Amino acid sequence: MALQFTRDVQVAIKLGSDIWEVPVLDGFSFSQAINSSEITVSESGATSRRGRLLFNDSLAPVEWSLSTYARPTLDTSQSPSQARCIEEALWAMYTGATSFTTASGEFAGSVGDANTVTATTNTFDLTNSDIPSMGEGYEIYFMFKPTGGTDQVYKITKASVNSVTIDFDIDGIATIQWSGFGSELSDEGTTLAVPNITTGIDSSTNFIRNRISTVTLSRTDVSPDDVYNIVLTGGSINFENNISYLTPEELGQVNKPLGNITGTRSISGNMTCYLDNDISSSKSGELFADLVADTTTVRNVFDLDINIGGTTSPALKFSLPTAHLEIPVVNVEDLLTLDIAFHGQASGGNIDAQNEATIVYTAA
């Protein structure tokens, strides 16, 4: 059978000699377009030439997107055991890592380690992301392996992660949406990439339930710190690299993208909660009142931790130690709700600090 079905897909990410298997959800995509120029001819007279010619100028960067569950896992093959996550290669791509060490479970970039691994946590930071272009050593394989049919493999070379989005749907499982680019899409026929890193894929205990997520929020630019008790009903957080591509413009040939260029790193999101005016318990109503009344602070500073799945394994925490909050938007529904927009900021306004956010997986 020559037809390919999405249900038969296996996705792998390759860096050097290491190949991760990454289970994906329905809705993945990958494509590469071509940029063309049109020349038209139109003359007057009894007999006139009317026509058009199309010229292929350049290949556009490959665009890809996929979704995964957030799945922290424990690698017991190492001594001592290591906290890992199945989608770790994608975080490494986003944070600028260019190499991986199997023995330590750590990625590294031009500055140093991109993550820190202990027996219970795996923490990614932005230390290596202040670079002009993301590493070009990653390849993504979409392998269609039908039972009783012929394998079909597509490969994206020089892949990079541009955008990461996590939605806090309290009735669902923690899911991460990834999208990015690559330099070239190729048909590899039946040549498979055989994963050698599959830790945790067969486990059923490393899925994260959003409903038990918690938030800790305290304002640190006032004395003493003002602590707020926020209970989420939903929200999301988004990480952006704002990548673009350089492509030559030589005539007479189809130009290919040379490589990626990073833009402004942006970390932002929103939280939704009920508007609770229990001032004695520092609920969301007090947060709204304080932000509305503050008309003099140019940049407020909040220590924000979003604990997806709570604080015990399996869990995923986004820590924004110096977040800036906007005045919440009041939504008038059956119950009044607040939409609180936040932005990851570098401490002290120092852009070189690279500490807008850290990503912490907890496994046990």
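This is a predicted model: local features need pLDDT of at least 70, side-chain atom pairs count only at pLDDT 80 or more; totals for chains, interfaces and linings use all residues.

Me: Which residues have the most contacts inside the largest nonpolar core?

Reply: Residues are numbered from 1 along each chain as its sequence is written, and side-chain values use heavy atoms, with hydrogens and water left out. A nonpolar core is a set of buried (under 20% relative accessible area, 1.4 Å probe, protein chains only) Ala, Val, Leu, Ile, Met, Phe, Trp, Tyr and Cys residues joined through side-chain atoms within 4.5 Å. The largest one has 67 residues, and those with the most contacts inside it are Trp 64, Trp 91, Phe 239 and Phe 318.

Me: Which helix gives the largest share of this core?

Reply: Helices here are DSSP runs of H or I with at least four residues, and strands are runs of E with at least two, numbered from the N terminus. The largest share, 6 residues, comes from residues 88-95, helix H1.

Me: Are the rings of Phe 30 and Phe 142 stacked or tilted?

Reply: Rings of Phe, Tyr and Trp (its six-membered ring) pair if their centres lie within 6.5 Å; planes under 30 degrees apart count as stacked, over 60 as edge-to-face and the rest as tilted. With centres 4.4 Å apart and planes at 20°, the pair of Phe 30 and Phe 142 is therefore stacked.

Me: How many residues apart in sequence are the parts that this pair ties together?

Reply: Both Phe 30 and Phe 142 are buried. Phe 30 lies in strand S3 and Phe 142 in strand S13, so the parts tied together are apart in sequence by 112 residues.

How values were computed
Buried means under 20% relative accessible area, exposed over 50%, partly exposed in between (1.4 Å probe, protein chains only).
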